[in-house]
Each structure stands twice: as C-alpha cells, then as structure tokens.
Amino acid sequence: MSQDRAPAWVVPAMRFGYSARGLTYALLGGLVFTAALTGGQTEDTQSALASLRGESFGLLLLWILGAGFAAYAVWRFICAFMDLERRGHDLKGIVARLGQTFSGGVSAGLAVTSVRLAMGAGGGGGDSARTLASWLLQQPFGKWLVMGAGVVAIGAGGYYGFKAMKEKYKEHMRATPTSRKLDPVVKAGLIAHGIVIAIIGGFLVYAGWTSDPSEAGGMTTAFEAVRAQPYGQVLLAALALGLVAFAVYCFVEARYRVVPARAGDDVTTLAARARAKAEGATRQMASQVG
C-alpha cells in the first residue's frame, strides 16, 4: 500500500493539524515571553490551552484545536504506516517512521487535553515527564529505561537543530516567495524547539541516574532551568520568541508542505530550487573557466 498514491484527504488533515500545532505554540511562546518580562510563572502546552477557556470563543477554539490535533495525529500515523514521505524500509527510514508515530502520539494527547478542557474538565493532570519517569522506574530495568528515554529526547532535540542547520525541512517545502522569505524564522523556530526538547531529555537522564522521578520535568521545568542561568530572563525571552518562530514554522508547513505521495512532478521544493541554483552556478563557472 505504501507504493500507491496517497488518498487526497491526507493533505487537508496535515494542513489542519499543523495549523492547530502552530496556534498552540504561538500561545505558549506569548505566555513564556510575558513570564520572562514580568517574572511570573512559566507555562507549558497544557497551560497555553487552558488559557483559552476563559476567553471569548475560547471553548469553540478548544474544540477546533482538539479536532486539529486529532487530524495531525492521524496524519502522522498514516504517514508512518503508508510511508507517505517515502522514507523507505531501511534502518534510517524505520527510525524516521517511528519518530512520526511518536509525534502522532504526542498530538493525540494534546487532542485529548483540548477536548477535556473544552468540556470543563482538567487537562489530564500533572507533569507528563515526571509521570512517565515514575511509571518507567517501576518496570524492570526502570532506571535504564528512564535514562534511555532521556537520551532519545536529547537526540530528538539535536535532530531539530540538525534539521534546521542542514535545511532538511526544505525537502518537503514548496518553493514560493513567502516560504523563502520566512526561511530564517523557520530555522530559528526549529532550533528553539530542539533546545527545549533536549533540556527535557537532560532532566530525564538525571532522573534515571538518581532513580528519582521528581528530578524529571517537562516544558515548565525546562523554562525555569533557562531562567535560573545568568541573564536568565533575557535567555528565556529569546527562547519564547524562538517558540513563536516555531509556531511560524508550523504555519509555513501547514501552507506549503508537500506530501511526496500526493505531489506531482511539477512541484518545486525549496531543496530542489537550491540544488538547481547551485548546479546553474557550477555550470556558469565551468563555462567561464572554459
């Protein structure tokens, strides 16, 4: 089935999901930036969603976000199962598709949180990283499982940075004047998000090493760790702006992302455009030398 052309509905599901993700990170970045300026409590994604409940049209927006996150989860699961991005079946491709599955699971959790908040219930309780660490520590080889989860998170954070610096995201991004202009913002957003994920991974590694789940922490803990550093408020404000940039990245993906299993041969991605430009420059230099 992975070799067939993907059904048309996966594209709007992907765009809807990325839009919901972008809105959540825009809210989160704004809340963290405010906390950096005022010295208030930093927030996580659940708090960002909860902040909508008291606003005009907030409940409607929570329902929309819940549907959006669910759509993104379905997109990631189907993307991994059908190999919509043509990752392949070698080790590298399998790891990439497992990452897509994990991303879908996280989005499914945010969908549940959004719906619970819209229905007037709590968001589902507690720090998810500490809950995970506590559960893993109760399993055989629990200490090593927690440390392993932390190493995976650090690796995921590092991959976001690698993806930004090596411009891997351009492989599936349609080349337009807007996507080209927003490229520096996209890079900054990916790096900022990677930093947050890597910090969370670091806390998980330490929680496993000490066998103490209270040492683990999610986004709020990561933000507070940044604020505790020299010039912490400035660093936290910069990280908050980076999360807003990550929201921009999500919106750019929502608008311009190409699904290889659906795209035609006439679609030009940013990566293809860059390669064509480099080849043109090489040919021009060769002709001048000749």
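Which side chains meet in a salt bridge at 4.0 Å, N to O? Those of aspartate 183 and lysine 187 do, a salt bridge being a side-chain nitrogen of Lys or Arg within 4 Å of a carboxyl oxygen of Asp or Glu. By this rule the count comes to 6 salt bridges.

This is a predicted model, where local features need pLDDT of at least 70, side-chain atom pairs count only at pLDDT 80 or more, and totals for chains, interfaces and linings use all residues. Residues are numbered from 1 along each chain as its sequence is written, and side-chain values use heavy atoms, with hydrogens and water left out.

**Around lysine 187**
- Aspartate 183 and lysine 187 sit 4 residues apart in helix H8, so about one helical turn separates them (helices are DSSP runs of H or I, at least four residues, numbered from the N terminus).
- Aspartate 183 is buried at 11% relative accessible area, while lysine 187 is partly exposed at 24% (buried is under 20%, exposed over 50%, partly exposed in between, with a 1.4 Å probe and protein chains only).
- Lysine 187 also pairs with glutamate 167, their closest N and O atoms 2.6 Å apart.
- That pair links distant parts of the chain, 20 residues apart, with glutamate 167 in the loop between H6 and helix H7 (177-181).

- Glutamate 224 and arginine 227 form a salt bridge at 2.8 Å, N to O.
- Arginine 227 is buried at 18%, and glutamate 224 is partly exposed at 27%.

**Glycine 150**
- Glycine 150 lies in helix H6 (residues 142-165) and is buried, with 0% relative accessibility.
- Leaving out residues up to four places away in sequence, glycine 150 touches Gly201, Leu204 and Val205 (contact means heavy atoms within 4.5 Å).

Notes: Helix = DSSP H or I, 4+ residues; strand = E, 2+ residues; numbered from the N terminus.
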